[in-house]
Amino acid sequence: MATELRPDVVRVLAPLLEHPATTAVMTDFDGTLAPIVTDPSEARPLDGAVDVLARLAQRFAVVAVVSGRSASFLLDRVGSVDEAGARPAGTSSIHLVGLYGLEWAGGDREITVQGDAERWRPVLADAAARLRSVAPPGVEVEDKGLAVTVHWRRAPGAADRVLTAVEAEAARGGLRSHPGRMSVELRPPTDADKGSAVRALAAGCSAACYLGDDLGDLPAFAALAELASTDGLFTTAIAATDDESAPEVAEAADVVVPGPLGALAVLRWLADSGAGG
C-alpha cells in the first residue's frame, strides 16, 4: 500500500515544483531508497523506486543518489541494465555519488575518484584485514575500497569492542571514523562528505532537496541550509526516520516522513504532481 503524504509535507514540498528545470532532487540509499537489512549486501531499492528516479530525471535539472555505498554498488542497484542491455529511460541521467562523495558515476558508467583519495586504498585494505582478523562472531567488516565499514547489527553486544578496534585503526593509519546505524566507518582524511556532494550537485540551481535517514546525512542537510542562507536557494531537508534513527536527523530536517516508504512517497509526489503543486 502506498504511503500518503500529510498535507503539511505537501506544503513544504510544493515550491520545489515551481522551477523543475533548475531544481536538484537528491537522496540517500540505505534507509531511504532501500530498507535497512541485516546483510548489507542484500539491500535493494523499494519496488518502483528506480522507476520513480528515472521519471524524476526526465523532469528535474539534477537527480542524484548520494550514498555511503560504493559507486559500483549504486550502478548495480540503480543504474543496472536489463537482459537486453537496456536501462529504464531516464536512469542514465541519474548522478550516482558513492562513498560520501569520494566516487562519482554518470551515464557512461565510468567511476571517478575525487582528489587524492586513491592513495589511501592500501591503508584501508590493511585496516580491513586487521579488523577482520579480530572481529567477534556476527560482526561484518565491509571493505569498500576507499572506505571500510564495520557492522554489528548481528552482534549488538560487540559494539564497544568494535568501536575500540576501529578507533585504534583510525589512529594507526591517519584515517577518520564516522558513526552510522549499528556501524562505524573508516574513511580517508579528506573534506569529501555528503555536504560537499550536495553543494556540487546543486551548483547553479534555484532549489534543492535531499532525503536522508542517518548521521552521515547531516552534512547534506547542513549544506542545504548553507545554500539557502548564502545563495538564496529554496531548500528542503527531508528525514526518512524510524525507531532506530538518531534524533539529530529529525531535528536537522525541515520535514519528517516514515522511513523508506515515506521517502518513496515524497519522490513519487515530486515525479507525478503538476507544476505548482
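In this predicted model, aspartate 272 has a relative accessibility of 48% and therefore counts as partly exposed.

- Alanine 57, found in helix α2 (residues 49-57), is buried with a relative accessible area of 15%.
- Alanine 57 and alanine 265 stand 208 residues apart along the sequence, and their C-alpha atoms are 16 Å apart in space.

**Helix packing**

- Helix α6 (residues 194-201) packs with helix α7 (residues 218-231) at an angle of about 40 degrees, and the axes of the two helices are 7 Å apart. That angle makes α6 oblique to α7, because angles under 35 degrees would count as roughly parallel and those of 65 to 115 degrees as roughly perpendicular.
- The crossing in which α6 passes α7 is right-handed.
- Helix α4 (residues 121-134) and helix α5 (residues 159-173) cross at roughly 150 degrees, with axes that come within 10 Å. The two helices are therefore roughly antiparallel to each other, since this class takes in angles over 145 degrees.
- The crossing of α4 and α5 is right-handed.

**Residues with positive phi**

- Tyrosine 100 has a positive phi of about 55 degrees, although this residue is not a glycine. Tyrosine 100 sits in the loop that runs between β3 (95-98) and β4 (103-105).
- With a relative accessible area of 15%, tyrosine 100 is buried.
- Methionine 182, which is not a glycine either, has a positive phi of about 45 degrees, and its place is in the loop between β8 (176-180) and β9 (183-187).
- The relative accessibility of methionine 182 is 23%, so that this residue counts as partly exposed.

**The largest pocket**

- The volume of the largest pocket is about 180 Å³. Thirteen residues line this pocket, and those closest to its centre are Tyr100, His178, Arg187, Asp193 and Pro219.
- Tyr100, one of the residues closest to the centre of the pocket, is the tyrosine with the positive phi of about 55 degrees.
- Strand β8 supplies the largest share of the lining of the largest pocket, namely 3 residues.
- Sorted by class, the lining of the largest pocket holds 7 nonpolar, 3 polar and 3 charged residues.

**Cavities**

- The model contains 2 cavities of 30 Å³ or more.
- The largest cavity holds about 440 Å³ of space. Its lining is made up of 29 residues, of which Asp30, His151, Arg181, Ser183 and Asp214 are the closest to the centre of the cavity.
- Two or more residues of the lining of the largest cavity come from each of the elements β7 (148-151), β8 and β9, and β9 gives the most, with 4 residues.
- The lining of the largest cavity divides by class into 7 nonpolar, 9 polar and 13 charged residues.
- The second largest cavity has about 50 Å³ of space, and this cavity is lined by Thr38, Pro40, Gly138, Glu140, His151, Trp152, Arg153 and Arg154.
- By class, the lining of the second largest cavity consists of 2 nonpolar, 3 polar and 3 charged residues.
- His151 is named among the residues closest to the centre of the largest cavity, and His151 is also one of the residues that line the second largest cavity.

Notes. Residues numbered from 1 in each chain as written. Predicted model: local features only at pLDDT ≥ 70, side-chain atom pairs only at ≥ 80, totals over all residues. Heavy atoms only, no water. Buried < 20%, exposed > 50% of the residue type's maximum accessible area, 1.4 Å probe, protein only. 1 Å grid on protein atoms, 1.4 Å probe; cavity = no way out; pocket = protein on both sides within 12 Å on 5 of 7 lines; lining within 4 Å. Points joined across faces, edges and corners; volume = space filled by probe spheres on them. Nonpolar A, V, L, I, M, F, W, Y, C, P; charged D, E, K, R; others polar. Axes fitted to C-alpha atoms, helices over the stretch in contact; angles between N-to-C directions. Left-handed = near helix turned anticlockwise from the far one by under 90°.
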